[in-house]
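Please go through the points below with the model open.

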Amino acid sequence: MQKLSLTISSQTPLTHNCLRLVLSGSGLPQIAPGQFVQLGIPGKYLRRPISVCGAAQDSLTLIYKIVGEGTKILSGMLPGQELEALLPLGRGFSADACKDSALLLGGGLGAAPLRFLCESLLSKGRKVSVILGFNEAADVTLLEDYRALGVEPVIVTLDGSAGLKGFVTDAPIPAHDFFYTCGPLPMMRAVCSALGGPGELSMEERMGCGAGFCYGCTIQTRKGPARVCADGPVFSKEDIIW
């Protein structure tokens, strides 16, 4: 874990309450898909955890949703301003667990870390299928980002206003030897129940420190208590107690 001062390169609205934030800085450590960063927000004591959508040598791409005062302040910051960041944090996805064909199932902003994972899997020569679920057409994000990687996601919306109507588990499930999922807990629980094979999921809990010191994000797993920020956020399907 490092503490760095990063510069805002750009902020781009994706939906009415979702933005793409690109940060730049020298000496960025290597970040694995599924890991996250903690951003210091001006005027706020606690940092905000945000998953990584993409990483290059000197830049990070983060996707976040305005859900409270902290992210509202963040959304108003301008290119050139600096943010303090702790990174990389957490345990990421195990890309090598997939030997041939991967299935990625995302709900809402769960599409962001899965895009980073998709890029990694493709670079390893794996076949990748993607199913993304949203509430409605206005919430669909990152579709063009996946297409830029050469992958055409299956889109599912609860109201049927885009793609198929229903949940991600209502979409046809392509052949795969390993699945990865990120999104709301009810969605991931349904995915783990519906898919019989091995997989990983990225859990979400309120985090204080983001580095495993405060134990505020502890959950019970089949291996005992685990801190989502340090022992996760990615866990094996078999470890989670629903």
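1. Q38 sits in strand β3, residues 36-39; helices (H or I, at least four residues) and strands (E, at least two) are DSSP runs numbered from the N terminus. This is a predicted model, in which local features need pLDDT of at least 70 and side-chain atom pairs count only at pLDDT 80 or more, while totals for chains, interfaces and linings use all residues. Residues are numbered from 1 along each chain as its sequence is written, and side-chain values use heavy atoms, with hydrogens and water left out.

2. Is Q38 buried or exposed? Q38 has a relative accessible area of 0% and is therefore buried; buried means under 20% relative accessible area, exposed over 50%, and partly exposed in between, with a 1.4 Å probe and protein chains only. In general, side chains in a regular strand alternate between the two faces of the sheet. In β3 both faces are covered: F36 and Q38 on one side are buried, as are V37 and L39 on the other.

3. Strand β3 has two pairing partners to check, where pairing requires that DSSP finds at least two bridges between the strands. With strand β4 (residues 48-55) the sense is antiparallel, over four bridges, and V37 has I50 as its bridge partner there.

4. Which residues does Q38 touch, leaving aside its neighbours within four places in sequence? Its contacts (heavy atoms within 4.5 Å) include R47, R48 and P49, as well as E84, A85 and L86. G208, C209 and G210 are also among them. A polar atom of the Q38 side chain lies 3.1 Å from the backbone oxygen of C209.

5. The structure holds zero disulfides, a disulfide being a pair of cysteine sulfur atoms within 2.5 Å. C209 is in none, and its nearest cysteine sulfur, that of C214, is 3.8 Å away. C214 counts as partly exposed because its relative accessibility is 41%.

6. There are ten salt bridges in the structure, each defined as a side-chain nitrogen of Lys or Arg within 4 Å of a carboxyl oxygen of Asp or Glu. R91 and E200 form one of them, with the closest N and O atoms 3.6 Å apart. This pair links distant parts of the chain, 109 residues apart: R91 is in the loop between β6 and β7 (101-107), and E200 is in strand β12 (residues 199-202). R91 is partly exposed at 33% relative accessibility, whereas E200 is buried at 5%.

7. E119 and R115 form another salt bridge, with a closest N to O distance of 2.7 Å. The two are four residues apart in helix α2 (residues 111-123), so about one helical turn separates them. E119 is partly exposed, at 33%, and R115 is buried, at 10%.

8. K223 pairs with D239 in a salt bridge whose closest N and O atoms are 3.7 Å apart. K223 belongs to the loop between β13 (218-221) and β14 (224-227), and D239 to the segment after β15 (234-236); the pair, 16 residues apart, links distant parts of the chain. K223 is exposed at 69% relative accessibility, while D239 is buried at 14%. Elsewhere, salt bridges that share partners join E144, R147 and E152 into one network.

Note on methods
Polar contact = N/O pair within 3.5 Å; in protein donor to acceptor, adjacent residues only side chain to side chain.
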